Amino acid sequence: MKLLFDFFPLLLMFATFKMFGIYVATAVAIVATIAQVIYLKVRGKKVEPMMWIGLGIIVVAGGATIIFKNEMFIKIKPTVLFVVMAIAIAVAQFGFGKNPISVIFNHQIQAPPLVWKKLALAWIVFLMLVAVLNLYFAYYQSTDTWFLFKTFGDMGLFLVFIVAQIIWLYPYMPQEQPEAGDTPAAAAIEHKSERN
């Protein structure tokens, strides 16, 4: 549900682009992102720093796209956002010794510091890779192709990366303790009584 909420402006922008073109789609993306922030504030929920940064970038890049009638501003917006995210992770981890990835998991996963550090490095490399890919599609492919990559390509890359991250962290996730009736001896007794 949260993933759908996060990608809502992008999906809405893609649908609008198909019907009305890049400039109307850009305006819709700006309004949708502002609406997201307002919704969270009204519900009394915390607006994460990266959402504020994303809002600022899309307002500036989207506004420039509409004012100057130059679609390149909105097309390089994802690259700017990903680079900012990578820098923020690098500064937090290697500058202040605080791992932002562990914060996302609310410190529920008890992984060694080295694992979190490697994960932070993996996020930095991944975000820079996606940033470069976006530049390639923005400058060397058509706007239609860029939109397809932006909507489905990097969304797919993020999903695969997040699944790989969860698999990597799985050994450190808290395991549920078996209840009293779930012990092997209890299971054997229950199985025997069912056979009788």
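**Figure 1. Right-handed crossing of α7 and α8.** Helix α7 and helix α8 cross in a right-handed sense; right-handed means that the near helix is turned clockwise from the far one by less than a right angle, left-handed anticlockwise. Their axes come within 11 Å and cross at roughly 170 degrees. Axes are lines fitted to C-alpha atoms, for helices over the stretch in contact, and angles run from 0 to 180 degrees between N-to-C directions. The angle therefore makes α7 roughly antiparallel to α8 (over 145 degrees; under 35 is roughly parallel, 65 to 115 roughly perpendicular, the rest oblique). By class, this contact holds 19 nonpolar, three polar and three charged residues. Contact means heavy atoms within 4.5 Å. Ala, Val, Leu, Ile, Met, Phe, Trp, Tyr, Cys and Pro count as nonpolar, Asp, Glu, Lys and Arg as charged, and the others, Gly among them, as polar. The model is predicted: local features need pLDDT of at least 70, side-chain atom pairs count only at pLDDT 80 or more, and totals for chains, interfaces and linings use all residues. Residues are numbered from 1 along each chain as its sequence is written, and side-chain values use heavy atoms, with hydrogens and water left out.

**Figure 2. The whole chain.** The protein has nine helices and zero strands. Helices (H or I, at least four residues) and strands (E, at least two) are DSSP runs, numbered from the N terminus. Of the 196 residues, 36% are buried. Buried means under 20% relative accessible area, exposed over 50%, partly exposed in between (1.4 Å probe, protein chains only). Take the contacts between residues at least 6 apart in sequence: 66% of them join residues at least 24 apart.

**Figure 3. Packing of α3 on α5.** Helix α3 (residues 49-68) and helix α5 (residues 77-95) pack at about 150 degrees, with axes 10 Å apart. The two are therefore roughly antiparallel. The contact uses Met 50, Ile 53, Gly 54, Ile 57, Ile 58 and Ala 61 of α3. From α5 come Lys 77, Val 80, Leu 81, Val 84 and Met 85. These residues divide into nine nonpolar, one polar and one charged. The crossing of α3 and α5 is right-handed.

**Figure 4. The largest nonpolar core.** This core has 20 residues. A nonpolar core is a set of buried Ala, Val, Leu, Ile, Met, Phe, Trp, Tyr and Cys residues joined through side-chain atoms within 4.5 Å. Ile 89, Ile 101, Trp 116, Trp 123, Leu 127, Phe 158 and Leu 169 touch the most other members. Helices α5, α7 (113-140) and α8 (143-169) each give two or more residues to this core. The most come from α7, with 10 residues. Beyond its neighbours within four places in sequence, Phe 158 is in contact with Phe 82, Trp 123, Phe 126, Leu 127 and Val 130. A second, separate core of 14 residues includes Phe 14, Ala 29, Ile 30 and Phe 149.

**Figure 5. Thr 16 in α1.** Thr 16 sits in helix α1 (residues 2-20). At 8% relative accessibility, Thr 16 counts as buried. Leaving aside neighbours within four places in sequence, Thr 16 is in contact with Gly 21, Val 24, Ala 25 and Val 28.

Figure 6. Lys 69 lies in the loop between α3 and α4 (72-75). Its phi is near 50 degrees, a positive value in a residue other than glycine. At 53% relative accessibility, Lys 69 counts as exposed. Tyr 136 belongs to helix α7. Its relative accessibility of 40% makes Tyr 136 partly exposed. Tyr 136 and Ile 76 are 60 residues apart in sequence, yet 9.9 Å apart in space, C-alpha to C-alpha.
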